[in-house]
Amino acid sequence: MSNKNPSSAAVLPEENNIMGTAPIPKLLAKFAIPSVISMLVNSIYNLVDQIFIGQGVGYLGNAATNVVFPFVTIAMAVSLMISVGTAANVGLNLGGKDQDCANLTLGNGLTLALSSGILLCILGELFMVPLLRLFGATDTVLPYAIDYGRIYLLGTMFTSVGIMISDEIRADGNPGYAMNSMLIGAVLNCVLDPLFIFVFHWGVKGAAFATIIGQFGTLIFCLLYLKKFRTLTMKKENMKLRLSVVKSILTLGLSSFLTQCAALVMQIIMNQQTIKYGALSQYGADIPLTVFGIVNKVNGLMMSLIMGISVGSQPLFSYNYGAKLFTRVKKLAKTCLIVCVTIGFLGMLCLQIFPQQIISLFGQENALYNEFAVMCLKNMTIFIFVMGVQMVASVYFQAVGKAMGATVLSLSRQVLFMIPCMLLLPHFFGIIGLMWSFPVSDVFSVAMAAVMLTTEMRKLNRLIRFPLAPEADV
């Protein structure tokens, strides 16, 4: 949104405008590296729990975290809708030199994040057991899932506000501080996990306590930044919700929300199909339920590298597009694509070469378990190196305010391709067909993203040939 009165828009100091003047490679490194570390830390939260639970509780404990994971997805759906929508609007307003709207968006975003976190915590506690059944909990897994889920949900209010402020810290031009806030939470989680599980013998409850304490540490560090904003000003009066601001936030954050909702539906279908077709296979239901959860989290760790670069570029896309620096926008997109695909390829090689070593981190199980786990890890992640194209394209459309394109791209993998594959392939190939749903959907979703991004770059070429405003050097 923009202020209708141009004279009321504050002009930012020149030193705060490096997003529109610094060389693209250097600028991307400045923003992407902290973002990558933050994303890695976020993935490590789940992986560390899985590793220590696998070693201290066993594969049924890991199956429980997989069943609870849809709760995490729901919380992330709401949190990302608010945080990404707020950050995109802030970036566009700063690029357009509309300081007042940027400050107002920050305050409204904080109110939305806090309110949604509290609401999710209450609703989750009220409907815990029926939801866990819906998410695929078997009779043997349900007690572990209840123990883990009831504690984990208490941290949703910490997570929601922490994610929102962290994204605005990046939009403020200080990705390093956002990174450090995530590191604090990760360190707390990694230290407390073995203490609570192996020393206090709290089992899955200990892992959940370690996680929410880490999330609280991240939140406290983020809250300390509210008075340190350089390009933004946090005011209490800006926390009073305004319909126009809320609408702008939710509109640009909608694609992130729908992506997570689609992921939620995908997780539920995957768990239900796993129970159905796993029971018909030699592996049973619990082994595939555990393995799919582990592989998805390992895959998430690899993807967090790519997502970190994409998310790190978001304020850069928003600012430069808002400032009509279209040559810089195009160069930024090209640079992001090269870096993301390269990193994805190296990650894929590691997963293909060392599958057994990676699986063994999550506990030593029988030969049947190991056979299925190695097969799934290698096949489900074979095409992750091209997923950078889809992520960069999705973040680009979201960052420049093209909510429809971002929504279509965000939903393409899960809704258009993944869910149909999960429903159809197991019918013909059993549990192996469910495994192949992942690489098949990866290929089709990346093809769609490539077409849409290529079309958008051609539009930028026309804007560059007929510029609407002077451009800075790249």
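**Charged pairs and ring pairs in a predicted model**

User: Where is E456 found?
Analyst: E456 sits in helix 16, which covers residues 431-465. Keep in mind that this is a predicted model.

User: Is E456 buried or exposed?
Analyst: Buried, because its relative accessible area is 3% and the cut-off for buried is under 20%.

User: What is E456 in contact with, ignoring neighbours within four places in sequence?
Analyst: Y396, F397 and K402.

User: Which side chain makes a polar contact with the side chain of E456?
Analyst: That of K402, at 2.6 Å. E456 and K402 also form a salt bridge, with the closest N and O atoms 2.6 Å apart. The pair links distant parts of the chain: K402 is in the loop between helix 14 (387-399) and helix 15 (403-429), and the two residues are 54 apart.

User: And K402, how accessible?
Analyst: K402 has a relative accessible area of 27%, so it is partly exposed.

User: How many salt bridges does the structure hold?
Analyst: Five. One of them joins D167 to R170, where the closest N and O atoms are 2.3 Å apart.

User: Where do D167 and R170 lie?
Analyst: Both are in helix 6 (residues 156-171), three residues apart, or about one turn of the helix. D167 and R170 are both buried.

User: What does D139 form a salt bridge with?
Analyst: With R133, at 3.0 Å between the closest N and O atoms. D139 counts as exposed because its relative accessibility is 60%, while R133, at 38%, counts as partly exposed.

User: Switching to aromatics. How many aromatic pairs are there in the whole structure?
Analyst: A search finds 19. Among them is F200 with W202, a tilted pair with 5.1 Å centre to centre and 50° between the planes. F200 has 40% relative accessibility, so it counts as partly exposed. W202 is also partly exposed, at 39%.

User: What about Y321 and F326?
Analyst: They form an edge-to-face pair, 5.4 Å centre to centre, with 75° between the planes.

User: Why does Y321 count as buried?
Analyst: Because its relative accessibility is 18%, and buried means under 20%. F326 counts as buried too, at 5%.

User: Which residues do ring pairs link into a cluster?
Analyst: Y177, F221, Y225 and F229 are linked that way.

User: Last one. What lies over the face of F69?
Analyst: K297, at 4.3 Å from the ring centre.

Terms used
Residues are numbered from 1 along each chain as its sequence is written. This is a predicted model: local features need pLDDT of at least 70, side-chain atom pairs count only at pLDDT 80 or more; totals for chains, interfaces and linings use all residues. Side-chain values use heavy atoms; hydrogens and water are left out. Helices (H or I, at least four residues) and strands (E, at least two) are DSSP runs, numbered from the N terminus. Buried means under 20% relative accessible area, exposed over 50%, partly exposed in between (1.4 Å probe, protein chains only). A polar contact is a pair of N or O atoms within 3.5 Å; within protein, one must be able to donate a hydrogen and the other to accept it, and residues adjacent in sequence count only if both atoms are side-chain atoms. Contact means heavy atoms within 4.5 Å. A salt bridge is a side-chain nitrogen of Lys or Arg within 4 Å of a carboxyl oxygen of Asp or Glu. Rings of Phe, Tyr and Trp (its six-membered ring) pair if their centres lie within 6.5 Å; planes under 30 degrees apart count as stacked, over 60 as edge-to-face and the rest as tilted. A charge sits over a ring if NZ of Lys or CZ of Arg is within 6 Å of the ring centre and within 35 degrees of the ring normal.
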